[in-house]
Amino acid sequence: MVDESRPSASVLAPFVERPDRAAVVLDFDGTLSPIVDTPADARLLAGAAEVLTALTRRYAVVAVVSGRPVSFLEPLLPAGMVISGLYGLESVREDAYADLPGAGAWREAVEDVVRCSQDRGPSGMVVESKGLSLTLHYRGHSDLEPAVAEWAATQAARSGLVVRPARSSLELHPPIAADKGTVVEGLVADTGSVCFVGDDYGDLPAFDALDRLEARGLHVLRVGVASPEAPEELTQRADLVVDGPDGVLDFLRQLVPTPDADRSRDQPEAMTNGAAGSRQ
Ligand SMILES: [Mg+2]
């Protein structure tokens, strides 16, 4: 089997050599945070805060783009990052908070579906309200999937919200053109290199955005996070596949060379030891 977990030096070079012109964009759950049974218990992987802080000091853009609300993510992430929540419906950058135009008008419809789902939804389904969207979870109860899917479709039809598949869950969103792809494209103006790291269906639009940016001449790197639940399309389309959040952390550390690693770049023989050997 090809070792896809180690990026080649040439793939990383545009990032490491010109971080001032590079963007590092990451999903949160399953990428920077191990998957947990109770969504509210998710936390940043140990050691990730230090690496992210080091990235923010070097890179033009370091961002988390998640289906979670900003209010959940912000206390968990170090300062200096751009945070885009609810697939781009809300964001915070340098302490400036913003809702996507038009999103706020759907808050009432979301609240109504949340209440209705809590009162009358399939038994065992967990309802997570996110303000401008909601998530219907069936983690640990895969037998519930058909009932949750039917419930979500019914609620979408009556409310005007739209259903999006996610990991062991379905999400209901306002019918607004916002996804991780639109967020990525909005973030990377003036950069020459962009990488996106994700583990789930909702991350595929970000890979689509990287396809478009690549066609415009940017250097892009699609990083898929492998797990038993990762969609096959994600790992197939990835330029680099890493193993779980621990693998993400290893990858991020390679974007922030230590002084020793900087010195080793002048010594080609040192590069043959582990730093090369990707699918490239
Ligand atoms: Mg995820």
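This is a predicted model: local features need pLDDT of at least 70, side-chain atom pairs count only at pLDDT 80 or more; totals for chains, interfaces and linings use all residues.
Trainee: What makes V148, W151, A152 and Q155 the buried residues of helix 5?

Mentor: V148, W151, A152 and Q155 are called buried because each has 20 or more other C-beta atoms within 10 Å of its own.

Trainee: How do you know that the buried residues line one face of helix 5?

Mentor: Looking down the axis of helix 5, we find its buried residues within an arc of 100 degrees, and therefore they line one face of the helix. Those buried residues pack against helix 4 (107-120), strand 7 (134-137), strand 8 (162-166) and strand 9 (169-173).

Trainee: Why is the reach of helix 5 called close to the expected one?

Mentor: Helix 5 (residues 145-159) has 15 residues and reaches 21 Å from its first C-alpha to its last; the expected span is 1.5 Å times one less than the number of residues, which is given as 21 Å, so the reach is close to what is expected. Just after helix 5, G160 takes a positive phi of about 90 degrees.

Trainee: Into which domains is the protein chain divided?

Mentor: The chain is divided into domain 1 (9-101 + 178-277) and domain 2 (104-173), and their C-alpha centres lie 28 Å apart.

Key: Residues are numbered from 1 along each chain as its sequence is written. Domain bounds come from an automatic or database domain assignment. Helices (H or I, at least four residues) and strands (E, at least two) are DSSP runs, numbered from the N terminus. A residue is buried if 20 or more other C-beta atoms lie within 10 Å of its own, exposed if 12 or fewer, and partly exposed in between; C-beta atoms are placed from the backbone. The arc is that of the directions from the helix axis to the C-beta atoms. Two residues are in contact if their C-beta atoms, placed from the backbone, lie within 7 Å.
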